[in-house]
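Dear colleague,

Please look through it before reading on.

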Amino acid sequence: RTLLAELRAWRGDRARGGNAKGRERTSIRAECYMILRAPDAAGHKLAGQVHDPSTRKSRRAARVAEKLRRNRRLWDLAQEAMRDVDPTFASRCTEMAVTYGFVGSPHIDKQNCGPFYGLALGDFAEGTGG
């Protein structure tokens with residue numbers, strides 16, 4: 001399955017976070033929005049964000065791990081696309097915002113603290129940017 005097909009499968013799948021209800025950042029103008037966090041960033045576990053069943057990690061870490069498990073194919077396909085463009089960045093990528101129907105313009109996001117890439121997928125009218 002392609003990344004676009006996986007994104008479309010995610011959209012509307014409430015169990016995977018792809019619906020308008022319960023969006024993580026309600027101020028974002030998008031039909032669906034979620035953040036996925038890497039299970040292991042370049043060999044270094046993300047403190048407090050990786051659920052380790054052998055220890056009593058936080059409930060938040062368990063939720064983060066479960067969300068990634070449900071969306072692992074989406075994560076893997078997006079990482080594959082990133083590796084094609086910038087393998088170094090892909091190896092250090094720790095978070096991914098996944099949106100569907102996003103409406104926005106260039107801006108400074110106060111909740112992002114590092115460099116990022118944007119990728120728009122879909123069917124776009126000529127000259128509308130995509």
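The notes below begin with the basis of the values and then turn to what was found.

This is a predicted model, in which local features need pLDDT of at least 70 and side-chain atom pairs count only at pLDDT 80 or more, while totals for chains, interfaces and linings use all residues. Residues are numbered from 1 along each chain as its sequence is written, and side-chain values use heavy atoms, with hydrogens and water left out.

In helix H1 (residues 3-10) the buried residues are Leu3, Glu6, Leu7 and Trp10, where buried means under 20% relative accessible area with a 1.4 Å probe and protein chains only; helices are DSSP runs of H or I with at least four residues, strands runs of E with at least two, numbered from the N terminus. Viewed down the axis of H1, these buried residues fall within an arc of 100°, so they line one face of the helix, the arc being taken from the directions from the helix axis to the C-beta atoms. They pack against strand E1 (32-37), helix H3 (72-85) and strand E2 (95-100). Just after H1, Gly12 takes a positive phi of about 85°.

Leaving aside neighbours within four places in sequence, Met96 is in contact (heavy atoms within 4.5 Å) with Met34, Ile35, Leu36, Trp75, Ala78 and Gln79.

Ala38 lies in the loop between E1 and helix H2 (59-70), and counts as buried because its relative accessibility is 2%. Its C-alpha atom is separated by 9.1 Å from that of Val64, 26 residues apart along the chain.

Best regards

Conventions. Buried means under 20% relative accessible area, exposed over 50%, partly exposed in between (1.4 Å probe, protein chains only).
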